[in-house]
Amino acid sequence: MGRRGRGGFKGKGRKNGEHVNGERQAYKKFEDLRRDNDNFRKYYIAQRIVDEDEFPVFMETMRTILPTNFRITGSRQQAMDIREQIMHEFIPFIKETSIDGAEIEPPHPLEWYPNNFGWQFTIPRIALKKSKELSKFHAFLVTETEVGNISRQEAVSMVPPLFLDVQPDHFVLDMCAAPGSKTAQLIEALHAGSAEGQIPKGLVIANDADYKRACMLVHQMNRLNSPNIVVTNHSGERFPNIYKPALQGSASKREIVQFDRILCDVPCSGDGTTRKNVRVWEKWRPEDAHSLNPLQTKILQRAAYLLKTGGRLVYSTCSLNPVENEAVIAHVLDHFEGALRLVDVSDQLPGLKRRPGLNTWKVMTRDGSLHESFDAVPTEEGGRGRRKYMPKFFPLAKERMDDLHIERCMRIYPHMQNTGGFFVAVLEKTASISIDEGKKAAAEAENFVAMMDVIRGPRPLLPSSSAETRAAVTDNDGAGPKRHVEDTDSESACVEAGDAKRVKVVGANASGNSGDEAGDADKTNVPYLPDNPREDPALGENPFVFLDAKESELKTILDYYGIGDTISRNGFLSRIENGDFRTVYYVSDSVRGLMEISGRRLRVVNTGIKVFGRNCVKGAGCAFRLVCEGVPLLLPHLSEKYVLEASFSDLKALLNDINPLFTALSPETQERIQAIGPSSSVVMRYDPSKHTGDEEKPYTRLTAMLAIPCWRGHASLSVHMDKNQLCSLIQRVLGRTVNRNTVGGFKMSNNTKSGSETPATETPATDLSPLASDADAKTS
């Protein structure tokens, strides 16, 4: 796409508004937008997705505004504390609140989400923001969302990860991960069975085709503080093979790394989202699903190759269109001839209302007519009318559809539980898939091209002088030539994808798949071209390099903080710039192993938790400080010298003053502080289980341990915590709502040394505000 000038689009494009056929349309207010579409109505009546008398209720719900949903995230203990705060602090208050004489319905848990961690409420956003009575609840939601303790997520979007059944030792792949709410659920499931400080053996790869969306995904993942996640940037339908090292002296081919669980939340037309994306009504066209079907099929096929035998795969869309749902599932199952099967999960999540998948459906052509089979599509103008509609858009024979148990797919309709529309299919791999499947797909493509040649009649010969033209191949549905691409990575591949969730399909590969388990297929005609995520120089970053814990600065850091062999020392890494590094990250052994064997095949955008950051204090005990995100991971392995066991009075003093003088703390804590040299990182730990008999307790009942990183100055402690996390902590412990934008700065009088003002180098420059974000620290 060419670059645009300041004038924006020229000619008949868009400019500050919607243009249709070159005519600028008048701006419409949100409430004035038309929430209907004649073709949409006609299409879904014909599909019989609901009973005739139920369809008006379905349509009316599709026009209404979606309620607000959120999910409590983080570790199980911390999530339980947040849940208790909602149930015992906010719900009783909201029940007694009314606006203009009308009662307010309080938030309620989703009946099907485990442990009451999924919530829904129907309070209008305007009322939530402007009502003085509800302002505290609104501030709570905003703060906890910024911290990551709460995730704003549509209710049905929470469903697919729950059916994956992720365990701590699983290798999990999320093929189309951005914006990351489902990936967060996968990470939480991975850590669910692990004790405090224990690192699971599994990992999660969060992949997205768009580099900028992958960077947005990084922000979401950073709030979860997991060393077991890798964010990558590949087109889902051609995610690269990662080979295990060959055994020494073995003549057998190298095995491909496969995954125990794969989530395919694929790009789709999104016509199940009309309740939040109102413009879907006016833009809905049946051909949107037709253009996406080939891409969705290839992503699912690629996932099937990458899945372990016995592994589980979940395919999902926020579309109700059977061309994007049952058609993809049926033809992929038929293609693999028993290697995949649909799993009956009707007994799981019993509170979730759902309908079975469709066994029959119709395809709408551009003129609005509906057809039950490919043969019924009229041939016109040499067959061009039929060429737009592939046989894979239509159902298989009835007997075959029954054999595949398509009814085991799940359809979730908005009117059943006040949600959006969604489709979910749970598949299991029952047999390995070999290279023969690729040959079968190529044969299918040849048969289809031959059939279309009969329909079209003889075609004129095209010039083939250039090497690029000679290398072009026809896609697997006869839609046109596939552009030649350079074979740079010796991988089988499919057509390049654009945006992760909204793509325009321009072609497909000849084999109908993007790889094979057996190893090296015929890659002559379907080469692999990795896209280049570094086109924008502003997005370029140095690659990760693993650090040797036995030498250099890393050894000095570990020795200073007394971090021994209780934690694996193989997981420390950094981005090296000019032979130096400013931030140290940590990854699990499983992530390191994956990165080492993948080499340049895996395009890693980000990974690991920040654990150490270079400070800017002259004469500090250590050149690196503890970073807030890494404290929960390192705490069990830190020397007790740097861990201050706090009473509630200590915790209160710290949160009230942000940088309290030592004299404001208990004598025991002061004694511990004196044993630590000045200008050093320390952690204040408050364990509620050890203070059950205290007269004074936190405002909200706490069960999870609190670990607050601080900077030990000459006369005071200062909190080194993200401002949003600190606001959340103050609200839970002290019951005080804090505006992070107006809160005051440090008491500079506390930063004293021997009765005089502390030099500018005493406290790191990043902490001149008590709520300074850790991201603002002078670390990379």
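**Figure 1. The whole chain, and how much of it is covered.** Buried here means under 20% relative accessible area. By that cut-off, 53% of the 780 residues in this predicted model count as buried. The protein holds 22 helices and 33 strands. Take contacts between residues at least 6 apart in sequence: 77% of them join residues at least 24 apart.

**Figure 2. A close-up of helix α5, residues 135-147.** Its 13 residues reach 18 Å from the first C-alpha to the last, close to the 18 Å expected at 1.5 Å a residue. Which residues of α5 are buried? They are Phe137, Ala139, Phe140, Leu141, Thr143, Glu144 and Val147.

**Figure 3. A close-up of helix α7, residues 181-192.** With 12 residues, α7 reaches 17 Å between its first and last C-alpha, close to the 16 Å expected at 1.5 Å a residue. How many of its 12 residues are buried? The count is 9, and α7 is therefore mostly covered, with buried meaning under 20% relative accessible area. Here is the list to pick out in the view: Ser181, Lys182, Thr183, Ala184, Gln185, Leu186, Ile187, Glu188 and Leu190.

How values were computed. Residues are numbered from 1 along each chain as its sequence is written. This is a predicted model: local features need pLDDT of at least 70, side-chain atom pairs count only at pLDDT 80 or more; totals for chains, interfaces and linings use all residues. Side-chain values use heavy atoms; hydrogens and water are left out. Helices (H or I, at least four residues) and strands (E, at least two) are DSSP runs, numbered from the N terminus. The expected span of a helix is 1.5 Å times one less than its number of residues. Buried means under 20% relative accessible area, exposed over 50%, partly exposed in between (1.4 Å probe, protein chains only). Contact means heavy atoms within 4.5 Å.
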